[in-house]
Amino acid sequence: MSDHETTDTATDDSGDSTRPTFEAAEYADGTVTYPAHTVSPNGAERVDTVDLSDRAARVVTWTTSTATPPGVREPNTLAIVEFEMGDDYDGPPVRALGQVASREDAHGDAVADGDVDVAIGDRVEPVYADDLREPGAGIREPESQEWDGFRFRPLA
Amino acid sequence: MERVAIIGASMTQFGQRDAWVRELLAEAGAAALDDAGIDGDDLDHLYVSNMASGEFEGQTGVPNALAHDLAATPAYTARIDQTSSSGGAGVYAAWQSIASGASDLTMLVGGEKMTHRTTAEATDVIASLTHPVEYKHGVTLPSFAGLTARLYLDEYDAPRESLGKVAVKNHKNGVDNPHAQFQKEVDLDTVLDSPVVADPLRLYDFCPITDGSAALVFCPESVAAEYVPEDQYAVVSGIGGATDTHVVHERADPTTMGGVADSSDIAYEMAGIAPDDVDVAELHDMFTILEFLQSEDLGFFEKGEGWKAVEEGVTDRDGDLPINTSGGLKSKGHPLGASGVAQVYEIYQQVTGNAGPRQVDADTGLACNVGGFGNCVTTTVLEASQ
């Protein structure tokens, strides 16, 4: 997996190899970062990956952007979230920035939405989306990166 | 190491201009040469601060074009791109060229042509500095500002109105800057009622999209008086550059700009001063929240207290520490590659006593130029020559 890729697929108990994963990097010093870097903030080498797709997170902060670039939903509610890494993890916070999905998204599909209800401290879960924005509509070369990934849906 | 002086400066009208980037750069460059009383062929080095002339208008190779237009060949040229802090990075490069002895006379010209693009297109060019995992979510620099402003207001119990007062102050200062894009005051109600751009921030919390250029001429302090009267040059007494994480959400405290703190530590130490020795400052108020963050991380105010300084008038032009007497990026405009150069232009005018109606009592001034959302920072300290 290259540094700029976010998602991959994994094989679950049923043998389904199409389930997308939300890959963070783990380093020799125990640190986990999202996205992955060549070395940890302390310079330790990468040793493994951690799938964040099944982990809940808390909203650190959020905004709704109304002036969005080409190919991006409008409005676009974004949040920085901090993952619940468990008691065994004592590294720096593991966070991600991503679009917020609406609470009404009952089928688990991330949808473009204009009325997102979210607040600092809310618990959220990652929900997969095939295209977070339209590849090629903006300045970045479509082949240079992945365009799928995870939105964050507030939990009841 | 040579002490470095600034002996000439200029800036063009900022705003919506018919001129393209080559013409903007030449306009500022010719005016700065004239201000210093030198010709293009006197220059050893010529630097151009520019973020994205290739992306904005399909014009690359601008330093060489400028050298030709100003008859500065065979001067050594280079383009300095450090996104929104290209200007500050250019000041660093120009200072380095003189301090190291590589050049006896260097000119820096910063410029950008942006207004022919739609807001969405310009926003996307700027957002292209973000990491792929950020870019695919449609993040923009204004949305980083909205995210950070919400957290700051929540953590420090700051009223939303305090951000609006930054805009009111800087627009008021811009009225007296003939080069500013907006020379018009705004009241707090107008700011707070303007359209939402990145909640909780509204239109008047953001700088405009701008065309413009600014230039500075540098030489060793030991020969500065050969070019201009002794009270008409300024000394670059301290300068520091630093970086923070590329990925914004990986910072330990999203309301702290580590690059500002680190670069200013270097600049203060070089200048042999402390934050309270600064008489006037130009900060990178691309968004109103950035004036709070920088004023705290530069050590002017305690963490979480920057908003109180604005509320109490400390940073007004007649306050104890005037901030953004030029009108800041907010009122003056933000032609990316020019902004860091124009910040130092304002401090140069202040410490040489040439700021006209914007003049404050200042022997020592500071400019803080920020790229990305605090990703790259240059802090420059200027002192009066006498």
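Where in chain B does B:Pro74 lie?

1. B:Pro74 is found in the loop between helix H3 (62–69) and strand E3 of chain B. The model under review is a predicted one, and in it the peptide bond joining B:Thr73 and B:Pro74 is cis, with omega at about 10 degrees. Chain A contains a cis bond as well: the one from A:Tyr34 to A:Pro35, where omega is near 0 degrees. A:Pro35 belongs to the loop between strand E3 (32–33) and strand E4 (46–51) of chain A. As background, most residues other than glycine have a negative phi, and most peptide bonds are trans.

2. The overall form of chain B comes next. Its secondary structure amounts to 15 helices and 11 strands. The radius of gyration of chain B is 19 Å, close to the 21 Å that the globule rule gives for 386 residues, so the chain is as compact as a globular protein of that length. Taken along the principal axes, the box filled by the C-alpha atoms of chain B is roughly 55 × 45 × 40 Å. Of the 386 residues in chain B, 64% are buried. Among contacts in chain B with a separation of 6 or more, 78% are between residues 24 or more positions apart.

3. The sheet of chain B deserves a separate entry. It is an open sheet of 9 strands with mixed pairing, in the order E3-E2-E4-E7-E1-E8-E11-E10-E9. Strand E3 (76–80) and strand E9 (280–282) of chain B stand at the edges; each has a single partner strand, so one side of each is left without a neighbour in the sheet. On average, and with direction ignored, neighbouring strands of this sheet are turned by 25 degrees against each other.

4. Helix H4 (residues 86–99) of chain B packs on that sheet. The strands of chain B that H4 touches include E1 (4–11), E2, E3, E4 (106–112) and E7 (212–220). The direction of H4 makes about 170 degrees with that of E4(B).

5. Is E7(B) largely enclosed or open? Of its 9 residues, 8 are buried, so E7(B) is largely enclosed by the rest of the structure. E7(B) pairs with E1(B) in the antiparallel sense over 7 bridges, and B:Ser10 stands opposite B:Ala215 in E7(B). E4(B) is also joined to E7(B) by 7 bridges, and these two strands run antiparallel. Here B:Glu112 faces B:Gly212 in E7(B) as its opposite residue.

6. H7(B) is mostly covered, with 13 of its 16 residues buried. In general, an α-helix has 3.6 residues a turn, so residues three or four places apart point the same way.

7. Two residues of chain B other than glycine should be noted for their backbone angles. B:Asp157, which follows H7(B), has a positive phi of about 50 degrees although it is not a glycine. B:Asp157 lies in the loop between H7 and helix H8 (160–174) of chain B. B:Asn324 likewise is not a glycine and has a positive phi, of about 65 degrees; its place is the loop between helix H13 (306–311) and helix H14 (328–332) of chain B.

8. Which of the two classes, buried or exposed, applies to each of these residues? B:Asp157 counts as exposed because it has 8 C-beta neighbours inside 10 Å. B:Asn324 counts as buried because it has 26 C-beta neighbours inside 10 Å. The cut-offs behind these assignments are 20 or more for buried and 12 or fewer for exposed.

9. The contact between the chains takes 35 residues from chain B and 36 residues from chain A. On the side of chain B that touches chain A, the elements giving two or more residues are helix H5 (119–127), helix H6 (132–135), H7 and strand E5 (196–198) of chain B. By class, that side of chain B has 16 nonpolar, 10 polar and 9 charged residues.

How values were computed: Residues numbered from 1 in each chain as written. Chains lettered and ligands numbered in written order. Predicted model: local features only at pLDDT ≥ 70, side-chain atom pairs only at ≥ 80, totals over all residues. Helix = DSSP H or I, 4+ residues; strand = E, 2+ residues; numbered from the N terminus. Contact = placed C-beta atoms within 7 Å. Nonpolar A, V, L, I, M, F, W, Y, C, P; charged D, E, K, R; others polar. Rg over C-alpha atoms; globule rule 2.2 N^0.38 Å. Pairing = 2+ DSSP bridges. Axes fitted to C-alpha atoms, helices over the stretch in contact; angles between N-to-C directions.
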